[in-house]
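Here is a short report on one protein model. Keep the structure in view while you read.

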Amino acid sequence: MSTYFTEASAFATIDRQIQDDRPNISPAQYEIIRQVIYHTADFEYYSLLKFSEDALLKGFNALKHGLSVVVDVPTIQVSTVPKLQQTFHNPVYCCATTGTKLDDSKTKAAFGLESIAKDRQDSIFIIGQDRAALNTLIESIKNKTVNPSLIIATAPSLLEQDAEEYLKYASVPAI
């Protein structure tokens, strides 16, 4: 059995599972949801992923214009860089590997985010594991020291309720 057949079969299963429940999402949003379900094998992401208005368009424009991508942990950087190198060639910065943690009041990623964001206020920010980094990002938005082109915050089950509510109603494009 080829890899392509296996992948096609998996996508067909995903499509069958959620075929009648897609009227409120765009084809681009559906493709992102589909990829997340494929890579996680978790259909719950269909109901968990939320897209703010124009999030995908603003994210695409940021990539097209060469803006930086800022991630919280090396795992995300390692999986993001090869895809960007095949398409837009945007620089990717990792908060957890930048700077030095000065004390125990914040995580290394939260300290790194503060440092990186000073020079890259309009970047795409991807926060996938470090809640403290997400809280630091939200505080920076509230203080108007950053204005992200897009925020991608995962996994929803790890988000604190306040952070999730803020992203839902903020004027910042978010997934």
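Predicted model: local features only at pLDDT ≥ 70, side-chain atom pairs only at ≥ 80, totals over all residues.

A salt bridge is a side-chain nitrogen of Lys or Arg within 4 Å of a carboxyl oxygen of Asp or Glu.

**Salt bridges**

Side chains of opposite charge can pair when their charged atoms come close. A search of the whole structure finds 5 salt bridges. The table lists some of them.

| Pair | Distance, N to O |
|---|---|
| Glu-114 and Lys-106 | 2.3 Å |
| Lys-168 and Glu-165 | 3.9 Å |

Glu-31 and Arg-34 both sit in helix H2 (residues 27-40). They are 3 residues apart, about one turn of the helix. Glu-31 is partly exposed at 31% relative accessibility, while Arg-34 is buried at 16%. Asp-15 joins Glu-31 and Arg-34 in a network of salt bridges.

Lys-168 and Glu-165 belong to helix H8. Being 3 residues apart, they are separated by about one helical turn. Lys-168 is exposed, with a relative accessible area of 52%. Glu-165 is partly exposed, at 30%.

Glu-114 is partly exposed, with 30% relative accessibility. Lys-106 is partly exposed too, with 27%.

**The sheet**

4 strands form an open sheet, in the order S2-S1-S3-S4, and the pairing is parallel. Strands S2 (92-94) and S4 (150-153) stand at the edges. Each has a single partner strand, so one side of each lacks a neighbour in the sheet. The twist averages 15° from one strand to the next.

Strand S1 (residues 69-71) pairs with S2 over 3 bridges. Val-71 stands opposite Cys-94 in S2. Helix H6 (residues 108-119) packs on the sheet and touches S1, S2 and S3. The direction of H6 makes about 170° with that of S3.

**Two loop residues**

Asp-130 lies in the loop between strand S3 (124-127) and helix H7 (131-142). Which side chain of opposite charge is nearest to Asp-130? Arg-131 is, at 7.8 Å. Asp-130 is buried yet has no salt bridge. A polar atom of the Asp-130 side chain lies 2.8 Å from the backbone nitrogen of Ala-133. Not counting residues up to four places away in sequence, Asp-130 touches Asp-72, Thr-107 and Ala-109.

Thr-154 is in the loop between S4 and helix H8 (161-169). Thr-154 is partly exposed, with a relative accessible area of 31%. Leu-48 is 106 residues away from Thr-154 along the chain, yet their C-alpha atoms are separated by 9.8 Å.

How values were computed
Residues numbered from 1 in each chain as written. Heavy atoms only, no water. Buried < 20%, exposed > 50% of the residue type's maximum accessible area, 1.4 Å probe, protein only. Lys, Arg positive; Asp, Glu negative; His and termini not counted. Polar contact = N/O pair within 3.5 Å; in protein donor to acceptor, adjacent residues only side chain to side chain. Contact = heavy atoms within 4.5 Å. Pairing = 2+ DSSP bridges. Axes fitted to C-alpha atoms, helices over the stretch in contact; angles between N-to-C directions.
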